[in-house]
Amino acid sequence: MSTNEPANTEQAPRSEAWKTAPTVLQTAKPPHVPEGAEVMTVLVEFPPGDPETPPHRHSGPAFGSMLEGEMLFELEGEPKRVIKAGETFWEPGGDVIHYQDGNNRTDSRSRSLVTMMCAPGQPMLTLVDDEEPAQRKDRRAPRPA
């Protein structure tokens with residue numbers, strides 16, 4: 001192109017896909033977000049049959065999506081449930097104990113993508129001592145007989 005030729009001023013056609021591209025998978029109203037929260041996104045991978053992270057809590061809310069496999073998931077006050085690939089989950093964080101998040105399958109790994117809002121200077125996960133779940137057993141969902 002010579003320097004004397006006019007620049008091409010035609011615009012490429014605009015995409016309209018953005019109007020229908022998003023699909024809402026979950027909505028939630030977390031009870032609190034820590035002051036000055038730091039947001040992190042983590043990939044959580046468990047090998048086949050991994051029993052679970054010990055009971056723990058997070059300093060702020062966490063929002064996740066199962067990418068692969070299945071997770072046995074239990075929060076304080078809710079019955080345990082299985083979350084499968086393609087499904088979403090969330091937890092409020094704070095004082096709520098997260099009892100289970102292990103791989104529900106013995107034949108495949110599990111992978112989830114989780115975005116957490118953590119209190120500054122605090123770890124994303126804090127284990128609870130062994131006595132606390134017993135002291136709070138009235139807050140745990142009933143177990144089948």
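Which residue in E8 does Gly-64 stand opposite? The residue opposite Gly-64 is Val-114 in E8.

## Basis of the description

The model is predicted: local features need pLDDT of at least 70, side-chain atom pairs count only at pLDDT 80 or more, and totals for chains, interfaces and linings use all residues. Residues are numbered from 1 along each chain as its sequence is written, and side-chain values use heavy atoms, with hydrogens and water left out.

## The sheet

Four strands form an open sheet in the order E1-E8-E3-E6, with antiparallel pairing. Its edge strands, each pairing on one side only, are E1 (38-46) and E6 (88-91). On average, neighbouring strands of this sheet are turned by 20° against each other, direction ignored. The angles run from 0 to 180 degrees between N-to-C directions, with axes fitted to C-alpha atoms. Strands are DSSP runs (E, at least two residues), as are helices (H or I, at least four), numbered from the N terminus. Two strands pair if DSSP finds at least two bridges between them.

Within the sheet, strand E3 (residues 62-68) and strand E8 (residues 110-118) pair in the antiparallel sense over 6 bridges.

## A buried asparagine

Asn-103 lies in strand E7 (residues 98-103). This residue counts as buried, at 7% relative accessibility. Buried means under 20% relative accessible area, exposed over 50%, and partly exposed in between (1.4 Å probe, protein chains only).

## Salt bridges

The structure holds 14 salt bridges, each a side-chain nitrogen of Lys or Arg within 4 Å of a carboxyl oxygen of Asp or Glu. In one of them, Arg-109 is joined to Glu-68, with the closest N and O atoms 3.2 Å apart. Arg-109 lies in the loop between E7 and E8 and Glu-68 in strand E3, so the pair ties together parts that are 41 residues apart in sequence.

Glu-76 and Arg-136 meet in another salt bridge (2.7 Å, N to O), and both residues are buried. Glu-132 also forms a salt bridge with Arg-136, at 3.1 Å between the closest N and O atoms. Shared partners join Arg-57, Glu-76, Asp-95, Glu-132, Arg-136 and Arg-139 into one network of salt bridges.
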